[in-house]
Amino acid sequence: MIHTRMEARDWSLLLLLSLIWGASFFLIGISVDQVPVMTLVAARVGFAALALWLICALSGRRIPRDPRIWGAFAVMGFFNNVIPFSLITYAQTGLPAGVASILNATTPLFTVLVSAVVLSDERASVMKMVGVVLGIGGVATMIGLDKVAGHANPLPNQLAMLGAAVSYAISGAYGRRFGRMRIDPVVTAAGMVTVSTLMLGPVALAANGWPQGIDAAHWLAVATLGVLCTGIAYVIYFGILSRAGATNLSLVTFLVPVSAILLAWAFLGETLGPAHLLGMAIIAAGLSLIDGRIYARTPRC
């Protein structure tokens, strides 16, 4: 059963997911210096698949044999990995991580729209739409909307980020079926990234050949991106999706830039200014509107 209002456990996991995915923008920014786009994307899902099947083997989880399940993995992998990973990695060849995260924060807007069309229990409401707009505005306030409009940010790269957001919205709505099919989140994540690897591997080899001249530090960044920011993150992702739904899950894109800024403040000594605090307050207001809990009428005795 999908709960339109998330429980404390789901909010905690959403925050953890935002921390992990916040690190992914940093790791992609490091990796694209040496690793070609398609090679990076294929290696990312490849490392994730190896890690997740190792977890399945050690924990005794069974590999699904039903072709329909693997077909569903393929569709999910295409919209949740192949398209968005390729577009995001390409986008970050010309966009700084902050701008990429602003554009990525449009994911809940597209998710509300897609879910309203295809999911009967996730209908859009005025309060949700206002909350989504507030959330995007909060992200832009924190990072600076002027950065998106800057001439140094090529339009094709910005469109690529928006395309990734649309693809994530579609995958979030489609992925709801795995909860109904009662497939373990670890197995779901492993199957999805495995099919994605099979799709992307040949493309990467055809486009870039066998990877050469990549040093150990960059391979470590790619491996971390795959194992932690993809494999482990997707186990959390499918757990939240099965309980809280696509719209609630997409809220992580509001929290990713918040996590990145707070981590930079805590560990790198970066300044936490008034714009950051205002943006976080706006995001909090948007999240509260989408959740709707504190605005619900108290039943009369």
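I take buried to mean under 20% relative accessible area, exposed over 50%, and partly exposed in between (1.4 Å probe, protein chains only). The model is predicted, so I kept local features at pLDDT of at least 70 and side-chain atom pairs at pLDDT 80 or more, while totals for chains, interfaces and linings use all residues. I number residues from 1 along each chain as its sequence is written, and side-chain values use heavy atoms, without hydrogens and water.

Entry: threonine 39. I find that threonine 39 counts as buried because its relative accessibility is 7%. Threonine 39 lies in helix α2 (residues 37-59); helices are DSSP runs of H or I, at least four residues, numbered from the N terminus. Beyond its neighbours within four places in sequence, I list Ala204, Asn208 and Pro211 as its contacts, a contact being heavy atoms within 4.5 Å.

Entry: nonpolar core. I use this term for buried Ala, Val, Leu, Ile, Met, Phe, Trp, Tyr and Cys residues joined through side-chain atoms within 4.5 Å. The largest such core has 81 residues, and Leu17, Trp21, Tyr234, Tyr237, Phe238 and Phe254 touch the most other members. Helix α11 (residues 216-244) supplies the largest share of this core, twelve residues. Setting aside residues up to four places away in sequence, I note that tyrosine 237 touches Leu17, Trp21, Met76, Asn80, Ser171, Gly172 and Leu249.

Note on methods:
Helices (H or I, at least four residues) and strands (E, at least two) are DSSP runs, numbered from the N terminus.
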